[in-house]
Amino acid sequence: MRLSSLALWLGAAALGAAQAIGAEKETNPKRENTYFDGKKVPPLLELTADSFAEELTKTKYLVVKYFSPYCPHCVAFAPTYQTLYEFYYTSDPPTASKEQSFEEYYDIRFATLNCIAYGDICTKHEIRSYPQTSLFKNGEFVDAVHGGKNMTLLSNLIETELEKEHPQSRPRALLLPEPGDATSPDPAEAAKKAAAAAVEDEKSLKDDATDTTEKTSKTDKTDKAAAKADTSSKKTDAKDSKKVGTLEDNKDPYVSIPFTPPEVKHQKPSTTPNKEGKSVSLTAESFQQLVTMSQDPWFIKFYAPWCHHCQAMAPAWQQLAKEMQGRLNVGEVNCDAESRLCKDVHVRGYPTIHFFKGGERVEYDGLRGLGDFVKYAEKALDVAVGVPDVDAESFAAMEEKEEVVFLYFYDHAATSEDMLALERLPLSLIGRAKLVKTRDPVLFDRFKITTWPRLIVVRDTRPTYYNPLTPREMRDTHLVLNWMKSVWLPIIPELTASNAREIMDGKIVVLGILNREDQESFLGAKREMKSAANEWMDKQIQLFQLERQELRDAKQLRIEEAEDRNDQRALRAAKAIRINMDRADRKEVAFAWVDGVFWQRWIRTTYGIDVKDGERVIINDEDNRRYWDQTITGNYIVPSRTSILETIGKVTASPPKIKPKLTISSFEKIFFDIRMTFSEHPYLSFGCVAGLALGAASWFRGRVRRRGGHFRLDENLPIKELKEGLLGHSSNGKKD
């Protein structure tokens, strides 16, 4: 009886378990499979507080959408994220074998996390707004896209990491579907739509220009503007509602708002510049009239007749005036006759050369050959037209020609003050880099610009961002120029006589000694050095972010500890801690190359290297007059990514793990170290010298006293007198 009861109980339990398991496998209408390009797509992975940590480590990459079911932006963004997931899930991997799926090949998955149900996880990950799409790699946060952005931004976030994982496996241009589509876009149809959109844009621009140029009454203008704004807003709302909801719900910063950019008027020269092709001799009066009071560009030298350097440069200056005939004004000022004018221009030596445009000027600090003058003058002529506006296509063409390009982003809120501040910058960039501005949404997407105005520099397609964001800081010309000077060199610049100090001073420089005559080897060596430079810069950015996060974690621990102890004083002190990421005590690592044939004598005498024996790489520390030319294994450093990267870390360690060589003799090194000590620690050095002087004076004084001072006993005195004392008798006249 007992056995049958036990069997009955076990059977009921098994039936209940089977029903429970079956219930888990029942189809949920909200979690049913979808189809994309005719392929079955499983539901998105829904993360929970218990499964988040486990799922994060199952694959190398995990894309997570943090959302709230009550957020209208999240509801509007849901089709975009779902379609992106389906598009990647059904994509074919870039392999001939079809055994692996796209997710298996790249080891990537997509998931969602409901922040209403699992708020503690979202709080831990510092989710401050919905929706947010984050990318994790090996369980670590990589980057995120905030808000309900378009599919292109999300794809750029993913494509960047996939390309790093499998180089050259991803297409340059990715045709993405529209949110809610069930098939991938047809390339031919996409091209037709793009062409049609371009035609519509061109027509709208022409219509805008026609409306702007028409001269009508104020009432008519107001009515037309209102009608036009109403029509454009309806069109914009209709287009955006198809993609990610209405404009009010989306708040997409890339929505194009028609506006007329603030104009900065550039006065054209009233007469043809430099008609006769001669250098004009200027006086104080003619200088003010022709240069200061006009907007004509001028290239002017300040000289003294007795100066030998000025006399040697005179033929090249006259030839420059001939070369620039009809294009650029060339002048000269005799500082012996016009001393007050030269003092006002702050001339400190002869010859001094300045480029003037209106009230702005910049000093020329290049070489003084005719070719150098002409090259600088050609680039200076571009400044006269102001800062040009570019779109994505023209900027791509510019990137192929220019090694360094500064790009200024602005939108409909730009003011005339912003534009005037921008126009002051190009003069200082002559011969260094190009400065352009844009309001093209395609470039906004490419560089992930979400606030305006914004300034970046692009060097070999690698962007570097200017950190200050407030309008006052963006209009501070000196602040902006100081940043520009720190980044206006290419990633791998050529070392020349004019930029040697700028490249070498205060830095550890990876210097490639290359042979320009062997083009194939030269281009290969530059490519290897550029690859090493980019990888090193990426590594330094990651270390910087890691160090900053550690400091933030330490601050948070102090805050939590103070809160646990309810110590208000300690809590205020912990919150007042500033995260200091000043890296002034660490030397920057820069990269450069030098023509080993042209500078053969200097390289041989300084580093003992001859490029005829093969291209080499040295790591130079100019401030300490030392360098490294061998790896940790004792082999020479060659223009190879592996050889360079494995040596930089050993050299930048403190102390260096590889013994350096000196660029000066050991005897010179002693005096150099003494001089550097005095310059770096003047007060300490003065104290040491004063202490040594006092010690030497004290020792000398004691030695003089021992050898013979003002009073000493005569060695010839008889013993009797010594015994009786110097006075002979006691002081009271009595004898014992």
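Start by selecting strand 3 (residues 45-47) and strand 5: the two run parallel and are joined by three bridges. Strands here pair if DSSP finds at least two bridges between them. Helices (H or I, at least four residues) and strands (E, at least two) are DSSP runs, numbered from the N terminus.

Before moving on, a word about what is on screen: this is a predicted model, where local features need pLDDT of at least 70 and side-chain atom pairs count only at pLDDT 80 or more, while totals for chains, interfaces and linings use all residues. Residues are numbered from 1 along each chain as its sequence is written, and side-chain values use heavy atoms, with hydrogens and water left out.

**Stop 1: around strand 5**

Zoom in on Leu47, whose bridge partner in strand 5 is Leu113. Click on Tyr61 and you can look for its bridge partner in strand 5, Ile108. Is strand 5 mostly covered or mostly open? Select residues 108-114 and see: six of the seven residues of strand 5 are buried. Buried means under 20% relative accessible area, exposed means over 50%, and partly exposed lies in between (1.4 Å probe, protein chains only).

**Stop 2: two cis prolines**

Next, pick Tyr350 and Pro351, which are linked by a cis peptide bond with omega near -10°. Pro351 sits in the loop between helix 12 (339-344) and strand 11 (352-357). Then jump along to Ser654 and Pro655, where the peptide bond is also cis, with omega about -5°. Pro655 is in the loop between helix 23 (641-652) and strand 21 (661-662).

**Stop 3: positive phi**

Select Lys448, in the loop between helix 16 (441-447) and strand 15 (454-459). Lys448 is not a glycine, yet its phi is positive, near 55°. Lys448 is partly exposed, at 35% relative accessible area. Now hop to Thr461, in the loop between strand 15 and strand 16 (462-465). Thr461 isn't a glycine either, and its phi is positive too, about 65°. Thr461 is exposed, with a relative accessible area of 54%.

**Stop 4: a cavity**

How many cavities of 30 Å³ or more are there? The count is one, and the largest cavity has a volume of about 70 Å³. On a 1 Å grid over the protein atoms alone, a cavity is a set of points where a 1.4 Å probe fits but cannot get out, and lining residues have an atom within 4 Å of a point. Grid points are joined across faces, edges and corners, and the volume is the space filled by probe spheres set on the points.

To see the lining, select residues including Tyr408, Asp418, Leu455, Arg475 and Val480. Helix 15 gives the most to this lining, with three residues. The lining divides into seven nonpolar, one polar and three charged residues. Ala, Val, Leu, Ile, Met, Phe, Trp, Tyr, Cys and Pro count as nonpolar, Asp, Glu, Lys and Arg as charged, and the others, Gly among them, as polar.

**Last stop: zoom out**

Finally, select residues 683-702, which an unreviewed UniProt entry annotates as "transmembrane region"; such annotations may be inferred rather than shown by experiment. Over this stretch the chain is 100% helix and 0% strand, with its end C-alpha atoms 29 Å apart. Now show everything: the protein chain has 26 helices and 21 strands, and 34% of its 736 residues count as buried.

Note on methods. 1 Å grid on protein atoms, 1.4 Å probe; cavity = no way out; pocket = protein on both sides within 12 Å on 5 of 7 lines; lining within 4 Å.
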